[in-house]
Amino acid sequence: MAQTKVGLVGVTGYTGMELMRLLQTHDHFELVRVTSRAEAGKKLREIYPFMQGMENGELPITEPDADDLAQACDLVFLAVPHRTAMEIAAVLLEKGLKVVDLSADFRLRSKDEYEHWYACDHTQEALLSQAVYGLPELYSDAVTDAQLVANPGCYPTSAILGLYPALKENMILTSGIVVDSKSGTTGAGRKASVGTLFCEVADNFKAYGLTTHRHTPEIEQELSVIAEEDITVSFNTHLLPINRGILSTIYTTLSKDMTLDDVHAIYEEAYRTHPWVRVLPKGKLPETKHVRGTMFCDIGIAVDKRTNRLIIVSAIDNLCRGASGQALANANLMCGINIDEGLKLAPLLP
């Protein structure tokens, strides 16, 4: 199979770095363009010493230029902030390229919802209906035929995968769902800010973005599709003193009398053909260290008979499964490559 030439717009953020790491061992993708306005003119090894001696270490960093990308690439990853991505995506799509957008610009199907939560105009409304939400376990067939994939957010990935079987099989009430999530600091991005300084994060644990987190409408949108009714969740986020990883504890109410055996069997069957989702043995609960640097989503289940609650715990790596690895899986599908190419990853331990 001929290699697919890919470009990476936004190589200096954490998701760009992670995607670059994953592409080093990909057999069918050739990284031919990396861009950054701030670092243009340098080689990758100059800004990332770990690239010294590696295949792409000598690759020059260029200014993002749609004409150049269109001439050199077949597919482009956009690892840039929201609002920036929509403009670049529109030009690249017009030139016939495939695009995987890691920003939030095409995740929401409603222009009004996007503008409400992200406080900026969406200038490419026509593309919202074209974009495919890139959660492989739910939308792999659509991703395969897509020109534009909206890569899911990290928190939504953990929440949607955790709730999918319960909602699909009508095991829980659709009201009163609480998603309590904790993330490592790379989820806040690489831009310097006081809140993510080492001395602010180390030996500390705090909530943030309560009632206002921008991933809320994305979670509600996809859960509503699964449940075939409008769903509102209470989504609450916290910052952990770790580099990477998300742990989501999801509180729901059972809609009928079910045992742990009943629920566990349904979850196992729902993900039987999806090896990246690991439903843990009964009595076991996920830990972030067991998914670090991988595509795995580990799910643990508890049934509290006293309160009639189904409690779901999911763990992912926010940079790999929650961003760059998932983007690579989507690109694989778009290009007719095995979905796990470049993603057969063991956890980064200890």
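**A bent helix and a mixed sheet**

Modeller: Start with helix H12, residues 320–334. It has 15 residues, but its end C-alpha atoms are only 18 Å apart. A straight helix at 1.5 Å a residue would reach 21 Å. Bear in mind that this is a predicted model.

Colleague: Where is the kink in H12 centred, and what is its angle?

Modeller: The kink is centred on Gln326. Its angle is about 45°.

Colleague: Are the residues of H12 buried or exposed?

Modeller: Buried, 15 of the 15. So the rest of the structure largely encloses H12.

Colleague: And what follows H12?

Modeller: Gly336 does, with a positive phi near 70°.

Colleague: New topic, the open sheet. What is the strand order?

Modeller: The order is S9-S10-S8-S11-S14-S13-S12. That makes seven strands, with mixed pairing.

Colleague: Which strands stand at the edges?

Modeller: S9 (206–208) and S12 (277–279). Each has a single partner strand, so one side of each lacks a neighbour in the sheet. On average, neighbouring strands are turned by 25° against each other, direction ignored.

Colleague: How many bridges join S13 to S14?

Modeller: Seven. S13 covers residues 297–304 and S14 covers 309–316, and the two run antiparallel.

Colleague: What stands opposite Ile301?

Modeller: Ile312, in S14.

Colleague: Which strands does helix H11 touch?

Modeller: H11, residues 260–270, packs on the sheet and touches S12, S13 and S14. The direction of H11 makes about 160° with that of S13.

How values were computed
Residues are numbered from 1 along each chain as its sequence is written. This is a predicted model: local features need pLDDT of at least 70, side-chain atom pairs count only at pLDDT 80 or more; totals for chains, interfaces and linings use all residues. Side-chain values use heavy atoms; hydrogens and water are left out. Helices (H or I, at least four residues) and strands (E, at least two) are DSSP runs, numbered from the N terminus. The expected span of a helix is 1.5 Å times one less than its number of residues. The bend at a residue is the angle between axes fitted to the seven residues ending there and the seven starting there. Buried means under 20% relative accessible area, exposed over 50%, partly exposed in between (1.4 Å probe, protein chains only). Two strands pair if DSSP finds at least two bridges between them. Axes are lines fitted to C-alpha atoms, for helices over the stretch in contact, and angles run from 0 to 180 degrees between N-to-C directions. Contact means heavy atoms within 4.5 Å.
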